[in-house]
Amino acid sequence: MKKTIVYLISLLLIASCTGNKKAESFSEKQNEEAQQANKDVIDDKVGTVELIYFHGKQRCLTCMAIEKFSTETVAKEFQEQVDSGKLIYKIIDIDKEEALADKYEVASSSLILITHTSQGEKVSNLTQFAFSCARKESEKFCKDLTEIIKGELSLFDTASGTAPENAVETAENATPGIAVKTVENATPIAK
């Protein structure tokens with residue numbers, strides 16, 4: 001009886017080890033396919049600016065003001081760029097898009113601006129700026145947001161539609177009150 005149990009356990013271990021190799025090779029293949037799909041998506045976004053308002057289920061008055069005035073600003077000032085695909089505006093529920101929220105390290109209401117260049121992504125966290133004035137100084141918020149977006153879109157006003165090599169902003173020359181993060185491990189994008 002003991003021999004039978006030991007034999008069955010040995011078979012189970014051998015079978016599980018063999019199965020893991022198949023799972024590993026399958027996983028590697030899936031990873032390669034996912035990387036290629038990610039590269040294709042990134043390639044499609046080169047030359048674009050993305051404004052994303054992330055929110056949770058419960059929102060305060062300021063959170064709702066950020067969404068309202070961001071939406072109004074984009075509709076009023078940038079409809080042509082939205083229609084042409086140069087500006088992408090999204091309102092994202094963090095609970096429904098957890099992977100995207102994790103990618104940009106968002107855990108609560110946030111306003112994120114992403115500039116997609118041939119060198120990768122430049123991520124600007126506009127949350128502090130948005131919370132400082134969206135509700136009580138909405139005109140200032142709309143004016144400043146317009147200028148920030150225009151500045152990013154102007155990077156692509158070259159004949160090629162791609163940003164110049166020095167277009168990725170660093171923290172040293174960033175707009176005050178706006179956290180800028182250049183994604184260093186971004187997938188390189190072919191020109």
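What share of the contacts in the chain with a separation of 6 or more is accounted for by residues 24 or more positions apart? In this predicted model, such pairs account for 70% of those contacts. The chain has 191 residues, of which 33% count as buried, and its accessible surface comes to about 12,200 Å², with 54% of that area belonging to carbon and sulfur atoms.

The chain is made up of six helices and five strands, and read from the N terminus these elements follow the order α-β-α-α-β-α-β-β-α-α-β.

The average pLDDT over the chain is 75, and 60% of the residues score at least 70. Among the elements, helix α2 (residues 61-77) has the highest mean pLDDT, at 96, whereas strand β5 (residues 179-182) has the lowest, at 46. Two further stretches call for caution: over residues 15-27 the pLDDT stays under 50 and the model has zero contacts beyond four places in sequence, while over residues 34-42 the pLDDT likewise stays under 50, although here the model has six such contacts. Where pLDDT is low, the predicted coordinates should not be read in detail.

Buried within α2 are Thr62, Cys63, Ala65, Ile66, Phe69, Ser70, Thr73 and Val74. Because these residues cover an arc of only 155° around the axis, they lie on the same side of α2. The cover over the buried residues of α2 includes the strands β1 (48-55), β2 (87-93) and β3, together with the helices α3 (79-84), α5 (127-133) and α6 (138-154). On the face of α2 turned away from its buried side, by contrast, are the exposed residues Leu61 and Lys76.

Two individual residues complete the picture. Lys122 has its place in strand β4 (residues 120-125), and it counts as buried because its relative accessibility is 2%, which falls under the 20% cut-off. The side chain of Lys122 is joined to that of Glu152 by a polar contact of 2.7 Å. Glu105, for its part, lies in the loop between α4 (98-103) and β3 (110-117), where its phi is near 55°, a positive value in a residue other than glycine. With a relative accessible area of 62%, which is over the 50% cut-off, Glu105 is therefore exposed.

Methods:
Residues are numbered from 1 along each chain as its sequence is written. This is a predicted model: local features need pLDDT of at least 70, side-chain atom pairs count only at pLDDT 80 or more; totals for chains, interfaces and linings use all residues. Side-chain values use heavy atoms; hydrogens and water are left out. Helices (H or I, at least four residues) and strands (E, at least two) are DSSP runs, numbered from the N terminus. Buried means under 20% relative accessible area, exposed over 50%, partly exposed in between (1.4 Å probe, protein chains only). A polar contact is a pair of N or O atoms within 3.5 Å; within protein, one must be able to donate a hydrogen and the other to accept it, and residues adjacent in sequence count only if both atoms are side-chain atoms. pLDDT is the predictor's confidence in each residue, from 0 to 100. Contact means heavy atoms within 4.5 Å. Accessible areas come from the Shrake-Rupley method with a 1.4 Å probe; for residues, only the protein chains shown count as cover. The arc is that of the directions from the helix axis to the C-beta atoms.
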